[in-house]
Amino acid sequence: MSNRDQPDIVQLSDEEREILDYMMAQENAGTTIAIWSGDTPAPLSFSQQRIWFIQMLDPDSAAYVIPLAYRISGETDESALTRALQAVVLRHDSLRTRYVEQEGKPVQIPEPQAEVLLPVTDISTLTAEQSAERVKQTLRAESRHPFDLTRGPLLRASLLRLGNAERVLILGLHHIAADAGSIAILMRELMVLYRAFARSEASPLAPLPIQYPDYAAWQRERLDTEKVKRLLSYWRRQLEGVQTLELATDRPRPAMLTHAGGLQSIRFSAGVNERVRRLATQDRATPFMVMCAVLSILLARRSGQREVVVGFPIANRSLPELEPLIGLFVNMLVLRVDLSGDPDFHQLLARVRATVMDAFAHQELPFERLVEELKPERDESRNPLFQVTFVLHDLPTGTATQESPAFVKLPRETVSTHFDLEFELFASTQDLALALTYNTDLFDA
C-alpha cells in the first residue's frame with residue numbers, strides 16, 4: 001500500500017503530493033530503519049509515550065480503547081477466522097507488546113507469543129430488534145473495558161452468531177498499538193488470511209521487513225540530531241504568540257475535561273461536493289483546503305477572534321517499510337489561520353493553502369516533541385495548542401469485493417473525544433457528509 005492509499009487523510013492534490021513525496025524522498029535518501037537489538041527493550045515512540053503517560057495517570061480509563069464492529073455476511077468458518085486473528089497478532093509486534101517502566105522510563109517488550117481468543121455467543125434465537133440491541137450492548141461494553149498496558153495482547157475479539165450466514169465481529173484495540181491506517185491494514189490482512197485458511201492454504205502475506213519497536217527506536221535516534229533543530233525553528237516561528245480559541249460553550253469549562261462525546265451527522269445536498277471541488281480547482285487548492293477555510297471562518301465568527309488554530313492528523317508513514325505495519329504512526333499538525341485584514345474568501349484560501357503546504361513540508365516533528373519544546377501553560381481543561389480538529393476522508397470509489405463472506409463496518413455506538421470539537425468530512429466523487437464529535441462537558445446537541 002503506497003502512502004497515497006493511507007486512509008487517514010487525503011488533503012493534497014496529486015501534483016502537491018508528488019512535490020512533497022519528492023521532498024521527503026530527498027530528505028530520507030539512503031535512510032533505512034535498522035532492526036532494534038534485543039539486548040535492551042526498545043523505547044516508546046513520542047506518540048506512544050504521551051498516551052502511556054495519560055493512561056498511567058488513570059489506569060482504569062477506557063478513553064483510548066478503539067471499539068470496532070463488523071457484520072459478516074455469508075457462510076463463515078469460525079475456526080479459520082480465529083486462526084486469522086491469531087496470525088495477525090503474531091505478525092505484528094505492536095499487538096503483542098507489554099509496556100512497563102524500567103529505570104524510570106517506559107519501554108516496550110513484545111511477547112514472542114500471545115493467544116487471542118474468539119469467544120462465540122449464539123443469539124440466533126433473538127428477534128431482529130433484540131439482536132440489533134445485543135450488538136449495540138456488546139460494542140458499548142467493549143468500548144468501556146480498559147486494557148492493562150503491562151499485559152498483552154492489545155487486541156480483543158468476540159463473535160456474535162446471528163444466524164447461519166450472519167455474524168458480527170467485535171474488536172477492541174488500544175490506541176497505543178494502532179491508528180486509523182493500522183485498522184485498515186488489520187482488516188485487510190484479516191480477510192486475506194481468513195480466505196486462505198478457509199481454503200486450507202498457507203498465509204500469502206510477505207514477511208514484514210521491520211516491526212514497530214524498530215521504528216520507535218529509529219524515531220528517537222533520528223530526532224536527536226540537527227534535523228529536529230530545523231523543524232523546531234520553523235514551528236516556533238509559526239506558533240509564536242498563538243492564541244487560545246475561545247468558543248462560546250453551553251456550560252462553563254470544567255477544571256478537567258472528561259472524554260465524553262456526542263455525535264451529530266449531516267449529509268450535504270447533492271451538488272455541494274461538486275461545487276467545493278470546482279472552487280478548489282479554480283483556486284489551485286484542494287477540497288481539504290477549501291473546507292478548512294470554511295471551518296476557519298465559522299470558528300472565527302463563533303469566537304470573535306481574527307485567528308484560529310486547528311489540528312489535523314497525517315498518516316506519517318514516510319518510508320516504504322512503515323506502510324504495512326500496524327502501530328501508532330499518526331501525527332498531528334497545527335494549522336494557524338490568519339483572518340486579519342478582512343480577506344475575501346479567495347484570499348483566505350490562498351493563506352490556508354500556503355500554511356497547509358508549509359505544515360506538510362515540516363511534518364516529521366512529532367506533536368508531542370513540539371509541545372515539549374513550546375511548553376504551553378499546563379491546563380487540564382484543554383488540549384495543548386488547539387481544541388478543534390479537522391480531517392477529510394476521501395472515500396474509495398471502486399466496487400466492493402464480491403468474495404464471501406463480506407465484512408461491513410458498523411457505526412459507532414459510543415463516542416469519546418479528546419478535543420472540544422472534531423470535524424470529520426467524508427467525501428466521494430458524488431457525496432459529502434460531516435460527522436461532528438463534540439465534548440458533552442461543554443456543548444449540548
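User: Which residue is the bridge partner of P43 in strand 4?
Analyst: In strand 4, P43 has V107 as its bridge partner. Strands here are DSSP runs of E with at least two residues, and helices are runs of H or I with at least four, numbered from the N terminus. This is a predicted model, where local features need pLDDT of at least 70 and side-chain atom pairs count only at pLDDT 80 or more, while totals for chains, interfaces and linings use all residues. Residues are numbered from 1 along each chain as its sequence is written, and side-chain values use heavy atoms, leaving out hydrogens and water.

User: How many bridges join strand 1 and strand 4?
Analyst: Two bridges, in the antiparallel sense, join strand 1 to strand 4 (residues 105-110). Two strands pair if DSSP finds at least two bridges between them. The open sheet has three strands in the order 1-4-3, with antiparallel pairing. Strand 1 (42-43) and strand 3 (97-102) are at the edges with a single partner strand each, so one side of each has no neighbour in the sheet.

User: New topic: how many aromatic pairs are there?
Analyst: Ten. Rings of Phe, Tyr and Trp (its six-membered ring) pair if their centres lie within 6.5 Å; planes under 30 degrees apart are stacked, over 60 edge-to-face, and the rest tilted. One of the pairs is F312 with F360, which is tilted, at 6.0 Å centre to centre and 35 degrees between the planes. F312 sits in strand 9 (residues 307-314) and F360 in helix 10, 48 residues apart.

User: Is F360 buried or exposed?
Analyst: F360 is buried, with a relative accessible area of 1%. Buried means under 20% relative accessible area, exposed over 50%, and partly exposed in between (1.4 Å probe, protein chains only). F312 is buried too, at 0% relative accessibility.

User: What about F386 and F419?
Analyst: F386 and F419 form a stacked pair, 5.6 Å centre to centre with 20 degrees between the planes. F386 is in the loop between helix 11 (367-374) and strand 11 (388-394), and F419 in the loop between strand 12 (406-409) and strand 13 (421-427), so the pair ties together parts 33 residues apart in sequence.

User: And which residues have the most contacts inside the largest nonpolar core?
Analyst: W235, V334 and F390, in a core of 62 residues. A nonpolar core is a set of buried Ala, Val, Leu, Ile, Met, Phe, Trp, Tyr and Cys residues joined through side-chain atoms within 4.5 Å. Helix 9 (residues 287-303) gives this core its largest share, nine residues.
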